[in-house]
Amino acid sequence: MNNHTSKQSWTRRNCIGKGSFGVVNLAVDHGLTFAVKSVEKNNSNLVHSLENEIRILKSLSSPYVVSYLGDDVTCEFSSVYRNLHMEYMSNGTIADVAGSCGLMDLRSYTWCITSALKYIHSRNIVHCDVKGTNVLNGNIRGMAKLADFGSAIELGVSCLVTRGSPLWMAPEVVRGEYIGPESDVWSLGCTVIEMLTGKPAWQDQGAETLRLIGYSNQVPELAHSTLLSDDLRDFLDKCLKRDRSERWSCDKLIQHKFLLSCTSPSSPQIMMKNDLSPRCVFDWCDSSSSSCESTLDTCRLSMTPCNAKQRIGKLALNSGVNWETEGWEVVRHVDETTTCEYSEESVSGSGGVNWEYTASYYYMNEVVESTSSDARGTMVDWISRDSLDLYRCYMYVWIEKMFQMIVLNLISVIYYTQWLTLTPSLHHI
Ligand SMILES: Nc1ncnc2c1ncn2[C@@H]1O[C@H](COP(=O)(O)OP(=O)(O)OP(=O)(O)O)[C@@H](O)[C@H]1O
């Protein structure tokens with residue numbers, strides 16, 4: 001979209017947000033929807049803040065920072081407005097979901113904010129107002145973008161005046177001593193606590209809180225939460241050091257073990273590698289399974305023993321049983337005492353997996369064919385089918401034994417009746 005500086009081509013719609021530095025409206029321009037942050041031209045303080053935001057946002061380009069789309073001046077209802085056009089984020093802010101988001105979302109949001117800060121810090125920009133209401137929810141679950149650069153500063157360019165929201169401010173900022181990337185890291189820690197608890201990191205007690213933040217030895221109390229894992233506690237500890245030189249930089253924080261399991265949320269689904277890794281065979285999320293197609297959560301739901309039972313049930317129903325003797329063949333026979341390591345020749349594509357068996361197995365031809373085509377991808381099927389086929393095998397042996405018994409009984413009955421018929425004649429002789 002081009003800058004709109006002449007005739008207003010767009011229409012202002014409903015208000016979607018209000019802050020101390022402006023009003024944000026939805027806007028439409030030839031079917032294109034975007035967000036417009038506006039301030040009245042005659043309020044020099046607000047205009048100064050918006051001009052600062054326009055200049056900084058214009059220079060940034062990151063998937064984790066709300067996108068600049070243009071700026072203009074408009075005359076509406078006899079007032080003159082300075083406007084910043086941004087991409088419209090329709091899912092509210094992370095403050096709206098704070099206190100109710102799960103660990104997966106919390107980790108993902110934290111990853112996005114840390115990535116945004118890492119990016120802007122590399123460009124010598126300090127946000128100065130990191131908090132829940134300034135982080136907008138993305139269209140993909142767990143995705144978030146940093147917004148509201150009205151208080152941001154360019155190191156070495158802007159003059160350093162105390163900026164931001166007091167309850168998220170770093171001690172050195174409250175004392176008016178210093179503003180830098182480290183101050184954003186403190187605010188990041190406060191924002192993570194806000195996401196965890198749904199409340200600001202510090203209880204708002206006015207001047208007393210400012211004294212606590214700026215001049216005590218205290219750090220925000222970590223609420224007792226089931227989400228507070230050791231990794232998360234350590235991550236917060238690295239952000240909330242009162243001595244700013246001890247705080248980790250965002251470059252380092254993005255490598256922290258709490259965030260390490262996140263991959264880029266710019267992909268269609270935010271994948272949490274740890275969460276998706278199967279911990280046992282029944283945890284395996286089969287990519288071909290329809291239950292895994294939608295969200296990660298439904299995928300996680302499908303990774304339950306119940307699902308494994310369903311999968312075994314499905315196999316039993318779908319693959320039908322061939323009770324013909326010719327349909328069976330011994331594909332491996334291992335002594336009770338021996339273990340067997342399958343080579344790549346014996347199971348194509350198995351990639352040297354150590355398959356150890358301590359019993360004899362029978363496989364139906366069809367099962368062997370389907371598994372050997374992609375042994376690695378269907379490891380779970382192998383294991384599930386092992387259980388199923390072992391069961392089939394028992395049935396088969398049982399029926400065979402029954403058949404043998406019936407035949408033997410028939411033979412003995414025949415011999416017995418013949419003996420009975422012969423005996424009288426023998427007596428007679
Ligand atoms: N691009 C956007 N898309 C959707 N909603 C937005 C967008 N930008 C801002 N908002 C909404 O408007 C609110 C106020 O915006 P913003 O924080 O930029 O204003 P502000 O006056 O600088 O606020 P603050 O008082 O926090 O400094 C946000 O909390 C958010 O709810």
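Q: Let's start with C128: is C128 buried or exposed?
A: C128 is buried, as 27 other C-beta atoms lie within 10 Å. Do keep in mind that this is a predicted model.

Q: Got it. Where is C128 in the fold?
A: C128 sits in the loop between β6 and β7 (135-137).

Q: And what is the phi of C128 near?
A: Phi of C128 is near 70°, which is a positive value in a residue other than glycine. N124 also has a positive phi, near 60°, and is not glycine.

Q: Where does N124 lie, then?
A: N124 is in the loop between α3 (103-122) and β6 (125-126). N124 counts as partly exposed because there are 13 C-beta neighbours inside 10 Å.

Q: Switching to helices: at what angle do α3 and α5 pack?
A: The angle between α3 and helix α5 (residues 181-197) is about 165°, and their axes are 11 Å apart. So α3 is roughly antiparallel to α5.

Q: Is the crossing left-handed or right-handed?
A: The crossing of α3 and α5 is right-handed.

Q: Nice. Which residues meet there?
A: From α3 they include L106, I113 and L117, and from α5 they include L188, V192 and M195. The residues in this contact of α3 with α5 are nine nonpolar, four polar and one charged.

Q: Zooming out, how many helices and strands does the protein chain have?
A: There are 14 helices and 11 strands in the protein chain.

Q: What share of the residues is buried?
A: Buried residues are 31% of the 429 residues in the protein chain.

Note on methods:
Residues numbered from 1 in each chain as written. Predicted model: local features only at pLDDT ≥ 70, side-chain atom pairs only at ≥ 80, totals over all residues. Helix = DSSP H or I, 4+ residues; strand = E, 2+ residues; numbered from the N terminus. Buried ≥ 20, exposed ≤ 12 C-beta atoms within 10 Å, placed from the backbone. Axes fitted to C-alpha atoms, helices over the stretch in contact; angles between N-to-C directions. Parallel < 35°, antiparallel > 145°, perpendicular 65-115°, else oblique. Left-handed = near helix turned anticlockwise from the far one by under 90°. Contact = placed C-beta atoms within 7 Å. Nonpolar A, V, L, I, M, F, W, Y, C, P; charged D, E, K, R; others polar.
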